[in-house]
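The following exercises concern a single protein structure. Each task is followed by a solution in steps.

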Amino acid sequence: MSQKKSRGGASAGDDADELSRSPLQAVLLADSFTLKFRPITLERPKVLLPLVNVPMIDYTLSWLETSGVEEVFVFCCAHAQQVKEHLEDAGWTGKPAAREMAVKTVESHDAISAGDALRVMYGRGVINGDFILISGDTISNMSLKVALQEHKDRRKKDPLAVMTMIIKQSKPSVLTQQTRLGNDEIVMAIAPETKELLYYEDRADASHLCVTIDKDILASNPTLQLHNNMEDCYIDICSPEVLSLFTDNFDYQHLRRHFVKGLLVDDIMGYKIYTHEIHSSYAARVDNFRSYDAVSKDIIQRWTYPMVPDVLSFGNCHEMKLHRQGIYKAADVTLSHSAQIGANSVIGNGTNIGEQCKVSNSVIGEGCSIGKNVLIQGSYIWDNVIIEDGCKVSNSLVCDDVYLRAGAVVEPGCILSFKIKVGKNVIVPAYSKVSLLEKPSNEDSDEELEYADTNSGVTDSPPFSSMRSNADHPTVESEDEDLGASETGSSGVLGYIWASGDTGTQEWRQSIAPIPKEKLQELQHAISVDDVDGSEEDLNNHLREADHDNDSEISVVEDDDYTKFEKEVEETFQRALDGVHQDNLILEINALRLSYSLQHADCAGAVFYSIMRSALVAAQSTNESLLKATADALTKWRDLLRNYTKTVDEEMEILLKFEEMCQDITKEFSALFSKILPYLYDKELVSEDAILRWAEEKANADESDKVFVKQSDAFIQWLKEAEEEEEDEDEEE
């Protein structure tokens with residue numbers, strides 16, 4: 001393998017000043033080369049699928065533009081014409097394009113992988129210097145300035161530093177071995193001083209609590225950090241050599257499994273990959289249906305600001321307005337007075353919602369017609385969907401032009417592709433995928449192209465013979481003439497069901513629907529059995545022994561585990577706000593506690609923090625509204641919090657956490673401390689003993705540490721007097 005100079009580009013040996021004068025370019029892959037969004041992507045490319053009513057690619061392009069990228073090459077493969085038409089309609093291309101960033105398309109129908117796409121880019125000779133490599137399904141608001149400068153500084157010192165990967169913390173669940181985005185656990189080894197990536201494994205064997213690292217890595221790196229709590233954001237800063245390396249190695253297909261791992265084990269050329277960790281910024285890739293759900297909720301809850309519905313505007317998209325409780329509505333929405341729109345919901349332009357409807361934690365697109373008494377919970381309804389009276393849609397995705405007849409029920413985890421029609425009172429079973437197109441037979445791997453020739457061989461997709469009837473109907477046969485049996489027999493659904501390759505047993509892993517309670521209990525039981533076997537304990541013992549082993553040259557670098565734990569508890573709690581059952585929430589929090597080896601008191605503080613943060617988000621700007629929102633939140637989640645406050649120490653943790661929040665994190669509560677403290681006492685969330693002990697421990701503290709004790713002095717004195725009266729009564733008896 002020889003080092004080549006990129007065509008028309010700067011090599012590592014070029015003058016650094018010349019390199020810095022090159023315009024910042026980006027290569028955006030408009031095809032993910034996977035099948036995870038089938039059957040939808042047979043008809044529309046993934047990057048054009050709406051994410052909170054905005055095509056994914058628009059988020060990516062907007063971020064690149066705000067990051068100072070001057071020229072973007074959009075590589076199109078599947079449904080290339082649709083992508084090009086959208087770019088022109090949205091104003092990214094065409095003349096005149098009212099943009100500071102030039103967007104150009106590169107089309108190829110021969111590429112079947114990311115590696116092929118980059119080989120095509122090399123052949124075009126359009127990359128002139130360092131460039132950003134990103135997929136069109138990535139959402140971010142991070143600043144590239146620091147990461148770019150780090151990359152350029154490294155390149156000046158070491159021409160072999162060819163890539164910088166953006167990563168962030170996201171510890172996988174100890175139960176599912178997945179992140180909240182539904183991605184598998186990744187194990188990385190990183191040099192703590194230089195941030196060089198030394199080891200990368202994206203398919204770690206979850207059945208073994210060990211990782212095999214080459215001894216040469218350990219010998220040449222006296223200190224390294226081993227992470228399983230990092231999320232790969234799939235945002236890469238690359239040198240031009242990256243393109244030539246793909247050209248020199250035709251077996252490089254996948255960006256991570258082949259290219260990254262290939263460079264890490266290549267000890268001849270010596271190319272290096274580095275990492276840049278982001279902390280407060282947002283970056284995530286929509287890789288599967290679970291991440292589609294998670295990222296959508298992050299956008300609605302404004303973690304991605306300014307990439308949010310009321311700020312972004314493209315082409316013919318209509319303006320959205322933000323209301324209380326995270327509700328977004330377009331101007332032309334017809335909403336019945338008796339309809340209820342719950343928190344964290346989006347209603348698109350031209351949509352009509354009938355009487356007694358309930359919509360919560362859902363996104364509804366443009367031009368939809370929702371009848372009476374319809375329940376939509378945790379779902380994504382795209383454009384021009386008709387839902388008749390009495391329907392129920394739970395934690396599912398419904399594509400454009402779908403028609404649900406009266407009384408139809410769509411159970412959790414369903415995907416209804418374009419123009420599907422569901423008959424009256426028909427129940428679509430959980431995790432069903434339905435399409436007007438039959439399932440292609442050429443699905444050999446995830447590297448297959450995300451579109452298929454519908455004239456090629458197909459498998460016999462079974463009809464909806466498993467349909468059930470809603471209400472007291474003797475048959476599930478549709479009463480409508482246009483829902484005949486040519487495709488589906490007598491099921492009353494126009495479309496083909498796509499049988500899962502694993503017969504649905506793993507559908508829950510990457511589904512929009514929350515993980516079923518019974519599955520969480522099953523996984524927790526499996527972990528409990530492993531604990532009895534001593535596997536986790538043995539692992540901890542091995543780590544402790546490694547710390548004290550005089551012969552070992554590897555030091556273990558610890559991070560602030562509690563900060564990460566608290567952040568993950570808050571993310572888990574946010575899912576509960578989206579409809580996850582409280583029992584499931586407790587299971588997930590307990591699993592996090594086990595994975596971080598923390599105590600119940602730590603859970604108490606983290607859960608209290610999450611509850612108070614939710615109250616702050618729900619409230620308006622006045623103290624009165626904040627006090628009411630806090631009371632409502634504490635009442636609603638009282639049982640959850642009491643699950644972690646069994647002792648005085650655990651109750652004390654709540655008081656200390658509340659103090660910390662008022663002093664630093666959420667100062668909005670500081671003026672209300674003395675009013676909220678009695679409420680915590682009345683609701684039996686903190687006891688008299690805990691409050692008095694807290695006040696006593698503050699007696700000899702600095703004045704700055706007594707602010708909230710003094711603020712609550714009247715209530716504390718009342719508690720002391722009440723305690724003295726009880727003691728006097730006991731003595732008299």
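A disulfide is a pair of cysteine sulfur atoms within 2.5 Å. The structure is a predicted model, in which local features need pLDDT of at least 70 and side-chain atom pairs count only at pLDDT 80 or more, while totals for chains, interfaces and linings use all residues. Residues are numbered from 1 along each chain as its sequence is written, and side-chain values use heavy atoms, with hydrogens and water left out.

**Exercise 1.** Determine how many disulfides there are, and classify Cys238 as buried or exposed.

Solution. Under the rule above, the count is 0 disulfides. For burial, the cut-offs are under 20% relative accessible area for buried, over 50% for exposed, and partly exposed in between (1.4 Å probe, protein chains only). Cys238 has a relative accessibility of 0% and therefore counts as buried. Cys368, at 1%, is buried too.

**Exercise 2.** Describe the surroundings of Glu201.

Solution. Begin with the secondary structure: helices (H or I, at least four residues) and strands (E, at least two) are DSSP runs, numbered from the N terminus. Glu201 belongs to strand S10, which covers residues 197-201. Next, its relative accessible area of 18% makes Glu201 buried. Contact means heavy atoms within 4.5 Å; leaving aside residues up to four places away in sequence, Glu201 touches Glu185, Ile186, Val187 and Lys261. Finally, the side chains of Glu201 and Lys261 are joined by a polar contact of 3.0 Å. Such a contact is a pair of N or O atoms within 3.5 Å; within protein, one must be able to donate a hydrogen and the other to accept it, and residues adjacent in sequence count only if both atoms are side-chain atoms.

**Exercise 3.** Work out the strand order of the open sheet of 7 strands.

Solution. Two strands pair if DSSP finds at least two bridges between them. The order is S5-S4-S1-S6-S12-S8-S13, with mixed pairing. At the edges lie S5 (102-107) and S13 (272-278), each pairing on one side only. Strand S8 (residues 161-169) runs parallel to S13, and 7 bridges join them. Lys168 has Ile278 in S13 as its bridge partner.
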